[in-house]
Amino acid sequence: MNPVKVGLLGLGTVGGGTINVLRRNAEEISRRAGRGIMITHAAARDINKPRICDTTDILLTTNPQEVVDNPELEIIVELIGGDGLAHEMVLRAIANGKHVVTANKALIAKHGNEIFAAAKEKGVMVAFEAAVAGGIPIIKAMREGLAANRIEWLAGIINGTGNFILTEMRDKGRDFAEVLAEAQSLGYAEADPTFDVEGIDAAHKLTILASIAFGIPLQFERTFTEGISQITREDVVYAEELGYRIKHLGIARRSVGGIEMRVHPTLIPARRLIANVDGVMNAVLVRGDAVGPTLYYGAGAGADPTASAVVADIVDVTRVLTSDPENHVPHLAFQSDAIADTPILPMDEVITSYYLRMQVQDHPGVLADITRILAEVGISVEAMIQRPSLDGGYTVPLIMLTHQIVEAKMNKAIAQIEELKAIQGQVVRIRMETLG
Ligand code: HSE
């Protein structure tokens, strides 16, 4: 059988990695796919730029449309990123009857519903394993390996840059900005690094995971997102003292009132395996009713790890090229006519525990005032530490861990505490999950 011809859009880190992995493992890959796989055409903004890969037998162009419209090509691999040109090219490729493989989390999270509908209409596949957690085959694991389960919740470290920053702050006491600059130079950070530190990148990925877990449409705009830029080294140290680690988690959970979708810094018990996922590594913990908790760990970014997922998708598409499109694995795991309209829970209704840190005046009655406010809204304190003053005795840091409470009540309590004269500045609040 003739090799399948593939067109590549984007020749950056992941594009270069994809070419390298396909070349390096060509024989084994074709044994798996049942056909050879050849990248014959590629588009890049600057075709003369030095690359990490050999492009000698690939026809290069600066015009992605030429690749997408080429009738010889059966699969288009979109590695442009963002949701402008990439969106246009993916829809065009689908309209041309081509299968698409993409690593673009923003594109799938924001336009996936439209893209999958177009793909269904044309009977083509859109594969996006590389969009979430780089090299970890989490989409395949959830969509196929866990198909027997009712998924209860998932929690993931799904942004390597953020995890690298938190790890370096904890282990080496390094400064936030300095670690971010290093992540950028290593090629892990997004083009706009605020996507990493403010949780937008993780929210894109969580949106995709939640849809696959619960069979709901992609709803990026309804994912609560809070970044790590406000986390200080002292919070990291206090959390450790209390037996917790701060991780930037994406959490999706089926709860009574609807589905929680949230990305925020989270205290988790230091003994959990996921609390020990350090540096740029990613991990996703998924709890299914039949299997219990399962943990998927690996490189969440980088040329070869992301290429591993891209090439696996190309192999999948190649395998089913001649099969009945109605029998493909559905994009969001559930059949498109069985997607549910389960409500997304507003953040105010989420129930969780909290780490609170506040700077308080050190005199009698202050603690009583704070605990009275907490008690009035039904918040119970689990642990508390007070540290000696750093400003000559005027104020002291007070750290509290609370039992679970609905977020709206915690918001009310924090607002009242911040009004106390004895409180200096704002109350730092980090949500806490036992992941038990
Ligand atoms: N900026 C992302 C990260 C790259 O740091 O995880 C992979 O999506």
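Predicted model: local features only at pLDDT ≥ 70, side-chain atom pairs only at ≥ 80, totals over all residues.
Which helix gives the largest share of the lining of the second largest pocket? The answer is H12, with 9 residues. Residues are numbered from 1 along each chain as its sequence is written, and side-chain values use heavy atoms, leaving out hydrogens and water.

Let us stay with that pocket. A pocket here is an open set of points on a 1 Å grid over the protein atoms alone, where a 1.4 Å probe fits, with protein on both sides within 12 Å along at least five of seven lines; its lining residues have an atom within 4 Å of a point. This one holds about 1,000 Å³ of space, the volume being that filled by probe spheres set on the points. Its lining counts 48 residues, with Met125, Arg143, Val329, Pro330 and His331 nearest the centre. Helices H2 (26-33), H5 (105-122), H6 (138-145) and H12 (303-320), together with strand S6 (126-127), each give two or more residues to the lining. Helices (H or I, at least four residues) and strands (E, at least two) are DSSP runs, numbered from the N terminus. Domain 1 (4-135 + 303-338) and domain 2 (138-299) each supply at least three lining residues; these bounds come from an automatic or database domain assignment.

The largest nonpolar core has 53 residues, among which Ile138, Met142, Ile208 and Val286 touch the most other members. Such a core is a set of buried Ala, Val, Leu, Ile, Met, Phe, Trp, Tyr and Cys residues joined through side-chain atoms within 4.5 Å, and buried means under 20% relative accessible area (1.4 Å probe, protein chains only). Helix H10 provides the largest share of this core, 9 residues. Because both domain 1 and domain 2 give residues to the core, it lies between them.

Now turn to helix H11 (residues 233-241), where Asp235, Val236, Tyr238 and Ala239 are buried. Seen down the axis of H11, these buried residues fall within an arc of 165°, so they line one face of the helix; the arc is that of the directions from the helix axis to the C-beta atoms. Just after H11, Gly243 has a positive phi of about 90°.

Finally, Ala133 takes a positive phi of about 60° although it is not a glycine. Ala133 sits in the loop between S6 and H6 and counts as buried, at 0% relative accessibility.

Note on methods. Buried < 20%, exposed > 50% of the residue type's maximum accessible area, 1.4 Å probe, protein only.
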